[in-house]
Amino acid sequence: MAETVMSPQMSEFLASGQPMLEFENVSIGFEGHQVLSEVSFSVAHGETRILLGPAGGGKSVLMKLANGLLEPDSGEIRVFGRSLQAMKERDMYEMRAHIGMVFQESALFDSLNVEDNVAYRLEEEHVDPQEIHARVLEALSFVELDKAIDKYPSELSGGMRRRVSIARAIIGRPDLILYDSPTGGLDPITSMTIIELVLKQRDVSRTTCLLITHRLQDAFTLATHRYNMQEHHMEPIPNHGIDPSTRFLVLNEGKVVFDGATLELTHTQDPWLKEYIE
Amino acid sequence: MRFVSPEAYAKTLVASVQEYSLLCAQAIGDVFSRPRYMADIYTQMDSIGVGSLPIVVLTGFFTGCVLALQAAVSLKEFGAVNMTGELVTLSMVKELGPVLTGLMVSGRNASGMASELGSMKVSEQIDAMRALGTDPVRKLVTPRLVATVFMLFFLTIISDACGIAGGAFVSVAMLKLNAGTFFHTGYMSLVHGDVVEGLVKPLFSGFIIATIGCYYGLRTTGGTRGVGQSTTQAVVASSVIIILVDFLVTQLMIGIFGR
């Protein structure tokens, strides 16, 4: 994908050095069941924040809160420095133009073909049809799915749907990408293809991202690998290096149990965390 | 079976009415502001209006036929069989045309809207739409609302015409009445208020069908089973409310026009 073209407001925001995403004492519950309680963390510009934790720990809810799709019961969420609680729904739609989201089950529009799915955001923004087509091709070739342009979601495999979903998320050249379990339910080989795409997006565009995964090997691949742009493949960072921009957040029963860098996680002394990682 | 306390039930009911009212207010508000999804409105007009034409034509025609047959039996006892045209026309224009068309379109389209939007809801397509910067109410509800209200108005006129044609067919072919008399008595029996009453009702019915169908669709939870439940609830609720509102509008029209 091409480099992100930043609006003046976004450049001004980035110059201020504020985090791209901030959660401050955020709590939310459904029907008497507390899903997240007092969650606080922040994601800096260019950071890849990996969200780990057992199933049912509130990770997907956190992702929807970050995009304003849910409202917290208490606490504050700031995206690009602006509080979501202070925003009107209309402002929220404008804010979402800067965010790409990949859903757990892809959430492709099943009545639209791949081209229209990927082009959806641009069509809503009334971009010139020729430019839309060119950008759809660019996004689809990024996820190596240009041949499926005329297919419908029902004709695609799970991995292909996930790739279309990534293409739809990145076509708007977002400043923040939210990946909700992009490898969930996929076989190891397809999962690795998806992780390679996430890594490619990270290293080519340097886009800030928040990623949920249940697979620890995916998380550590992101932390220990880089994308070789000359040879077009993923490779380990030399000398057992670790990507400094990749950080971890671990949730358990709605609470943050870890917030830190890769080495801090691997050298943790917390018994629950040690057991979880092992 | 799980029993719910009366207090919890009342709270849920009030919350549902509030949610429905807010959805209606937003859908109406979106009609008067940009962006407008005109292509979606035309697509829905085709799907709701043109798609419902066969059932509306058939229902209207056979209702008129039955009405003529039943009316003739009763009127014969009073020696007033020539008034069959008047009875069929008045019944179709004031009551049966609008209500039956509303119920038919409700059965076909409220269920369709609830299941379509419900499937989108449970497969996170509604959330995806919001995440892509589109307001689902503006994109999905408002076009359905505009299309249903607009098309139901014309479908009711077609249904009225088919009903009267059906009544005329039975009167002429089976009851051996004079076609001219049928249409003349029918035409002469109608006054301005009757036509207004018959044309105001579909506006309310169209509003109910679209908003109830979309409301149940957008609040769907619980996978494919939830979609099925929403579809059933949408048809039941919209049918009952159409008949209830029909009663209220009839009462209002009698108050205004005196008949």
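Mentor: Let us begin with confidence, since this is a predicted model. Among the elements of chain B, the lowest mean pLDDT, 93, belongs to helix α6 (residues 179-189) of chain B, while the highest, 97, belongs to helix α5 (residues 136-173) of chain B. Chain B as a whole has a mean pLDDT of 94, with 100% of its residues at 70 or more, and the model has an ipTM of 0.89 and a pTM of 0.89.

Trainee: In what order do the six strands of the open sheet in chain A lie?

Mentor: As a general idea, strands of a sheet pair through backbone hydrogen bonds, either parallel or antiparallel. Here the order is β6-β7-β8-β3-β11-β12 (chain A), and the pairing is mixed. The edges are formed by β6 (99-102) and β12 (255-261) of chain A, each of which pairs on one side only. On average, neighbouring strands of this sheet are turned by 15° against each other, direction ignored.

Trainee: Which helix packs on the sheet by touching β3, β7, β8 and β11 of chain A?

Mentor: That is helix α2 (residues 59-66) of chain A, whose direction makes about 150° with that of β8(A). Helix α8 (residues 216-224) of chain A also packs on the sheet, where it touches β3 and β11 of chain A.

Trainee: How many residues of chain B are in contact with chain A?

Mentor: Eleven residues of chain B contact 13 residues of chain A. The side of chain B that touches chain A comprises three nonpolar, four polar and four charged residues.

Terms used:
Residues numbered from 1 in each chain as written. Chains lettered and ligands numbered in written order. Predicted model: local features only at pLDDT ≥ 70, side-chain atom pairs only at ≥ 80, totals over all residues. Contact = placed C-beta atoms within 7 Å. Nonpolar A, V, L, I, M, F, W, Y, C, P; charged D, E, K, R; others polar. pLDDT = per-residue confidence, 0-100. Helix = DSSP H or I, 4+ residues; strand = E, 2+ residues; numbered from the N terminus. Pairing = 2+ DSSP bridges. Axes fitted to C-alpha atoms, helices over the stretch in contact; angles between N-to-C directions.
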